[in-house]
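This report covers a predicted two-chain model. The sequence and structure come first, and the description follows.

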Amino acid sequence: MSTLSALAHVQAMETMQAVPRTEFRHRHLSGRPLVIVPLAMAGEAGAPLAAMVGSAKRNGTLLVVAQPRNRDQRFAFAADLGRIVMNYINSFRQNRRGEGERSRYTDAPQILVPNAGGVKALADLGRMCRFRATSGPYAVPDVVPEFGMWLTFLVDRAEQAGTSTLLPVTAMLTEHWATGQSTLEDQNLASLMAWIAPPPGLSVEQAMADAENPDVCPPAGPPTSPEFDNRDLAPAIRRFDTAHTLGDPHALAAAETELRELIAGQIQPTWRMVWQAISLLRSVPEAPRTAKRFEGDCKAFTKYSDYRDSDGPPQRKRDNAIGAARRLGWLEHALAEFESDMAFDDRFVLADRRSAGEAFAGTVVEADPGRVVTTDKNRRVPRPRVTVRTEDPVRLAADTKLISPSLPTGHKAMIVSVLSDGGTTRVTVEITGGMGRSRVPQQGTVPELGQRIAYLPDPGWRPAPQFPASDATPWTHSAADDSGTDSVIPEDAAAEEWGNED
Amino acid sequence: MKNPVDDRLDALRGSAKRLDYNARSLAALENNPRCTLRALLDASGSDKAAIATHVGHPPSFGQSSFAITRGNAFEAMVKDNGCAELLRVLRETLELTLPEVGYEDLNDVGGDGRSKQRHERTEEVLLRAARGEGDATLFDHPMLRLLIGGHKVYLEPDLVALRIDGRFHVVEIKSFPIIDDQADSTQVRAATTQACAYIIALRDLLGRAGIGEEAVSDTIVLVAPKDFTNRPTGAFVDARKQVAALTRQLSRIERIGDLVDLLPEDLTFDLDPTPDKNKQPRRPAEELAEALDQVLVTYRPDCLNHCEMAFYCRSRARAEASLDVLGPTVREQFGGIDTTTMVMGLARGELTPSEDQVEIAAALRHAARLRAELEDLGGAA
C-alpha cells in the first residue's frame, strides 16, 4: 500500500465518508450481468442452501435446498441453477466476428457475486459438479457437469487481474473507494455500502452498526448467521424432514413454503444491495483501457466455448507442474499489465504509484532534443535526452524502461540517472521509441523544456516461458506415482459417496 | 497456598465463578499475544462475554447448530466400530504400518465422567503404554491436564495414537473438508494450534514420569472429510513452530504478575452479579467501562474473529481515532504514528514532526499535495 492510499483511508475515517481512490472504474460492467447470491449451510462443504439468481433486480429467481444434507436435493439444486446460468452463458454464444483463428464472440458473460466468499462457493460448486457422470449409478442431469466445468472456467479466470467474467462486488467497490474501516470489515458488503452510500436518513455510524446486526442486515453469505440457523432455520428444516418422513403432502408443502420465506428474508436484502452497488458502479465512468481487457475476456470466453463444443474433458483437480508454472507466469504478467494500464489511464492511480516511488511526474528542466547515436548496425538514430525535476520520492533505478501517459502512445524511454538535488530529484531519461521513422523525431514526441510529464515503468512484453514437454518433465516435478492427481478424471468420480444423510 | 498475584487476579475477577482456560482460549493466545486486557481477563478467569455485553458491546460469534451437529456426527462416524474408518485412513491414506491395534476408551471411568478421575485413569493408561506395557494403541478422548498460571486446566483431545513410528501422535478430527488434498489454511491453522496445547499437555504428563518429550511427536494427524463426501481422509501437519509459539505464550502467563503490578490497586472487572440464579450484573456499566479503559488494549481488526471483547476494543479505538481501526496494512505505512489526528496534522503541515517522524512527515505532505492536486482538478464524486 502506498502512503497516498493509506492517507485516503485515514481521510475517510476522519471525515466519516468514503474517499474515491480512482477516477475511473477499471472493470468492464456488462449491460446485462448475472447476479448470483449463494448461501451455504454452515459446517458442511459444498452444501448449498439457497441461491438467488437473475440478470435484473426485478426478476431474481430464488432456489432453495430444503435439506442441504440430501445428495439428490443438492444435485436437483445444481441442475436448476445450472440451467439458469447456462441459458445466460449460451445467450452470449450467438454473435461472432472475425475469420478463422481470430473469430470470436462479440460479448462475454459476467457473473457478479456479493463477496469473495461467493466466488469460493461457486468454486466448490464447480468442483462438486464437473466430474459427475450423467449415466450409471448416481447419475445427474446433463446440465450438471457442463455447469460445473463452466463455473470452474469462470473461477479460474477470476484469479487473473483485470478480468471481468466473475467478480465479487465488494472487490469492485474497494477498488474505487477507500473506507475508514479495515480490509476485514470491507469484505462485509453491508458495512462497505454503509460508507459509500448509507441508507437515506442514516449516518455512516448508524449504517455501520446496522450492517453488523444480523437481524437488520442478514450476512451476504455464503454462511447464514448462526442466530438465524439456530432460531429459525434448524426448526424449519426439522419440520420439513418430519413431513417428508410422514409423506404428508400438505405438511410438506407448508414446510417448503415456510423455508422459502425464511430464506427469502435472509437473501433478499443482499440481492437488493448488490444491485444498488451495481448502479453505483455504473455511475463511475469506465477507464479507456477497460475495453482492451474486455477483448481478452471475449477471447478467453470464445476459446473455452469452442473447447466445450468439442466436448473436451473437465479441468483437472490440480494443475501439474508445467501447467502450474505456466499459469503462475501468466497471472503475474496479467497483474503487472493491469497495474500499468490503471496508472496509465487514471491520474488517481498514477498519483498512488508516485507516492510509492514507483512512478514520477515533474517539469522538464534540461533537454537535448537533437541527440543522435550510432547503433551497432551503424545506423544513426535519434536518442534525445531530457532531465525531469520532480518532488516525488523516486525509487526507480537506472536502466528502467518507461512509458508515459502524458505523451503520444508508443513513447518509450529509459532512465539514465536519478540524482537527488536537495528536496527534489532530477531524473534524466533517454527517449528510445515513439518518435516516428525519420531521423528527426516527429513534432510533439519529445518533451520540451518546461513541459509537465509523468513516467511509469513499462510492464513490457515478456517472452512465453519455455517448459519441457509433459513426458520429459524431470522426476522431481512429475506426479506419475500419484494416480490421484495425474488422471484428469478421478476414478471415483461417479461414486463420490455422500454417506449418511441424517 | 495463594500468592499475592493470585489474590490480585481474583480481585480483578470479583465475585464471579472462575472460568478456566480451555484448548480454544489457549489457541487464541497465539492470535494477539500482546494485548494486556486479554491477558488479564484470561488469567483472572473473567467472563469476557458477560463483561463485553454489560458495557454494551456483546460478542456476535455464535456457533451454528448445523456446524456442531456435523462435527459430532463426523467424529462419531470416524470412531465407529473401534475406529475402523480411522484405521483405514492411517493405513491407506497415510500409509502407516500399524501391526496390532488396541482401542482404549477414556471417555469415562466406569461411568464416572469427572475430569479428575478421568485424568488419573488417562495418566495410568498412557504411562503404561509409554513403557511398552499393555496393548492399547488408540486412546479415545484422554483427559490431559496442564498447569497454567498455577491453575489446573483439563484438556481433551479427540484421540491420541501410539506406535506411529513408536511415538504418541495427537489426532485431530475436524469436519471441514480436504478438497483435492487442500484444506482451508485458516481452519488448518486453528486446528493445529488447538492440537499444540494437547502436545504440550501430553509431554507434561509423560515428563512428570521422567519420559522425555521426544515420546510425543510434534506432527499431528488431521482427519477430515474427503472432498464432498462423508468419508474421512488424513494428512500430517507439522506443528513444531506453533508448539514453540504456544510454549512461549504459556511462559508469559507465568509472568502475569508483571502486568498486574502496573494496575491501580483497586481495579476490578467485577460485575457484582445478583446472588440468585439470574446473575444479573448490578455494577453500573459506566463504572465497569471506566475500569476497562484503564487497561491497555492492542486492538486489531482480526480480533473481531476470535475475541469476545473485540467490539468494545474497536469502539475504544474509534473514540481515540486510533489507526488500529484501519488494520495493520494501513498502520504499517505510518510507523510510529498512532492516531488519525496526528496523520492529518502532519499531512497538512499543522504539526511539527518529532525527530523520528521527519521522514514519514515528508512522505505524508507529499501524498497530501498529490491528493489536493487530484481534488483541485475535479476528482471523481
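The side chains of Arg354(A) and Glu373(B) meet in a salt bridge, with 4.0 Å from N to O. A salt bridge here is a side-chain nitrogen of Lys or Arg within 4 Å of a carboxyl oxygen of Asp or Glu. Between chain B and chain A the count is nine salt bridges. The polar contacts between chain B and chain A come to 13 residue pairs, both residues at pLDDT 80 or more. A polar contact is a pair of N or O atoms within 3.5 Å; within protein, one must be able to donate a hydrogen and the other to accept it, and residues adjacent in sequence count only if both atoms are side-chain atoms.

Five elements of chain B give two or more residues each to the side that touches chain A: helix H5 (65–93), helix H11 (310–319), helix H12 (328–333), helix H13 (340–347) and helix H14 (358–376). Helices (H or I, at least four residues) and strands (E, at least two) are DSSP runs, numbered from the N terminus. H14(B) gives the most to this side, with 11 residues. By class, the side of chain B that touches chain A has 28 nonpolar, 19 polar and 13 charged residues. In this division Ala, Val, Leu, Ile, Met, Phe, Trp, Tyr, Cys and Pro count as nonpolar, Asp, Glu, Lys and Arg as charged, and the others, Gly among them, as polar.

In terms of contact (heavy atoms within 4.5 Å), 60 residues of chain B meet 63 residues of chain A. The area buried between chain B and chain A is about 4900 Å², and carbon and sulfur atoms give 60% of it.

The model is predicted, so local features need pLDDT of at least 70 and side-chain atom pairs count only at pLDDT 80 or more, while totals for chains, interfaces and linings use all residues; side-chain values use heavy atoms, with hydrogens and water left out.

Within chain B, the domain assignment gives domain 1 (4–59 + 264–297), domain 2 (65–250) and domain 3 (334–376); such bounds come from an automatic or database domain assignment. The C-alpha centres of domain 1 and domain 2 of chain B lie 31 Å apart. Their contact takes 12 residues from domain 1 of chain B and 16 residues from domain 2 of chain B. Between these two domains the count is zero salt bridges and zero residue pairs in polar contact (both at pLDDT 80 or more). Helix H2 (residues 23–29) of chain B gives the most to the side of domain 1 that touches domain 2, with four residues. That side of domain 1 of chain B divides into six nonpolar, two polar and four charged residues.

| Interface | Buried area | Share from carbon and sulfur atoms |
|---|---|---|
| Chain B and chain A | about 4900 Å² | 60% |
| Domain 1 of chain B and domain 2 of chain B | about 1200 Å² | 63% |

H11(B) is mostly covered, with seven of its 10 residues buried. For residues, buried means under 20% relative accessible area, exposed over 50%, and partly exposed in between (1.4 Å probe, protein chains only). The buried residues of H11(B) include Phe311(B), Tyr312(B), Arg314(B) and Arg316(B). They pack against helix H6 (183–186) of chain A together with helix H3 (36–43) and helix H10 (285–293) of chain B. Just after H11(B), Ala321(B) takes a positive phi of about 55°.

Two other residues of chain B are noted for backbone angles. His141(B), not a glycine, has a positive phi of about 45°; His141(B) is in the loop between strand E2 (138–140) and strand E3 (144–148) of chain B and is buried, at a relative accessible area of 15%. Asp227(B) has a positive phi of about 50°, though not a glycine. Asp227(B) lies in the loop between strand E7 (219–225) and strand E8 (232–238) of chain B, and counts as buried at 2% relative accessibility.

Chain A has 14 helices and 17 strands. Of its 502 residues, 51% are buried. A cis peptide bond joins Gly221(A) and Pro222(A), with omega about -5°.

Note on methods. Residues numbered from 1 in each chain as written. Chains lettered and ligands numbered in written order. Buried area = accessible area lost by both parts, 1.4 Å probe.
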